[in-house]
Amino acid sequence: MKTKKELRFILLMSCLVLCLSTACSTRVDAVGSVEPVDSYATIHGKLDRPVRGTWVWDTTQIRNNAQDILTFAKANNINTIYLQMNRDIKIPEYKNFIRLARGQNIAVDIMDGRSAWGLTESREQIASFMDWIEAYQAQALANEKFAGIHLDIEPHVHPQWKINQASVITQWQGNVNYIVDRAARMKMPVAADLPFWLDNYKIPGSTMAVSSWMIRKFDSITIMAYRDTAAAIYNVAKDELIDAASVGKKISIAVETKQSKEGDFITFYEEGDAYMEEQLKLVEKMASAHTSFNGFSVHEYSSWKTLRK
């Protein structure tokens, strides 16, 4: 029979083990409260939070202007950067940038794509892109890894779209299946940019909209709702928000800041930053009615940075 002293010691050790166990699965936020941490999120830099993202197309900027990007990100509450893959950038430069970003709680997704990636003939290029990601992730430390894969393919601007649309859609599906399967093996989430009007087109031999197929295939979608008023942005994104909610997927609503030849109503280039933020707050009130709504992405870093204040 154990003595009281032995029992007290066992009780103390049990409490210590329990406390250590709890500490491993929680984190303390800025105000001192404790909340769970998902192990995948901890490794890959993606926390359960609405997206506030932007695209960085000129990857050379992480070489000399990394701190400028991150200072801008902090000032504008950016928590996700879509960084285009550029083979001219050395691996240590990617690692350094991601470490710095992670230090500010910013996720960095590797991003690429072009209209030709909608065609089967581009599969070799796509495979090379996926090979590069796989090799990078395998040698990177936890705080140097990309959080996910972000695609900007847009085959609707390829000349073949006008010639044989059904064939392009079918080829696009094949390439998407290939990318998603490889991403799953790497345990990386994969997202894609889609125009809001893609629901006007059907999967060949089916009544399903192309946008619906893509929403179901990808982990999340960034819907390019390029308009410059809250009502217009919400109205063009609403159908995709409803569709995504029905299958438990997430939608980030994207807006434009670059000057556009399609018309002033496409972009916030003319109105400036303060007006854009006002409109996004109004969109958030409307879009939050949908469980699929997952924040905003602003296209893109360079033009957003120079947007009239």
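**Entry 1: the model.** I noted before starting that this is a predicted model.

**Entry 2: ring pairs.** I looked up the aromatic pairs and found that the structure holds 14. I picked Tyr94 and Trp132, whose ring centres are 5.2 Å apart with 65° between the planes. That pair is edge-to-face, because planes over 60 degrees apart count that way.

Entry 3: Which helices hold Tyr94 and Trp132? Tyr94 belongs to helix H5 (residues 91-103) and Trp132 to helix H6 (residues 123-139), so their pair ties together parts 38 residues apart in sequence.

**Entry 4: another pair.** I turned to Trp197 and Tyr201, whose ring centres are 6.0 Å apart with planes at 70°, so this pair is also edge-to-face. Trp197 is partly exposed at 28% relative accessibility, and Tyr201 is partly exposed at 24%.

**Entry 5: a cluster.** Back at Tyr94, I saw that ring pairs link this residue with Trp132, Tyr136 and Phe146 into a cluster.

**Entry 6: helix H5.** I followed Tyr94 into its helix. H5 has 13 residues and spans 18 Å from first C-alpha to last, close to the 18 Å expected at 1.5 Å a residue. Its buried residues include Tyr94, Phe97 and Ile98. What covers the buried residues of H5? Among the elements I found were helix H4 (66-75), strand S5 (107-112) and H6. Last, I noted that H5 is followed by Asn105, which has a positive phi near 65°.

Note on methods. Residues are numbered from 1 along each chain as its sequence is written. This is a predicted model: local features need pLDDT of at least 70, side-chain atom pairs count only at pLDDT 80 or more; totals for chains, interfaces and linings use all residues. Side-chain values use heavy atoms; hydrogens and water are left out. Rings of Phe, Tyr and Trp (its six-membered ring) pair if their centres lie within 6.5 Å; planes under 30 degrees apart count as stacked, over 60 as edge-to-face and the rest as tilted. Helices (H or I, at least four residues) and strands (E, at least two) are DSSP runs, numbered from the N terminus. Buried means under 20% relative accessible area, exposed over 50%, partly exposed in between (1.4 Å probe, protein chains only). The expected span of a helix is 1.5 Å times one less than its number of residues. Contact means heavy atoms within 4.5 Å.
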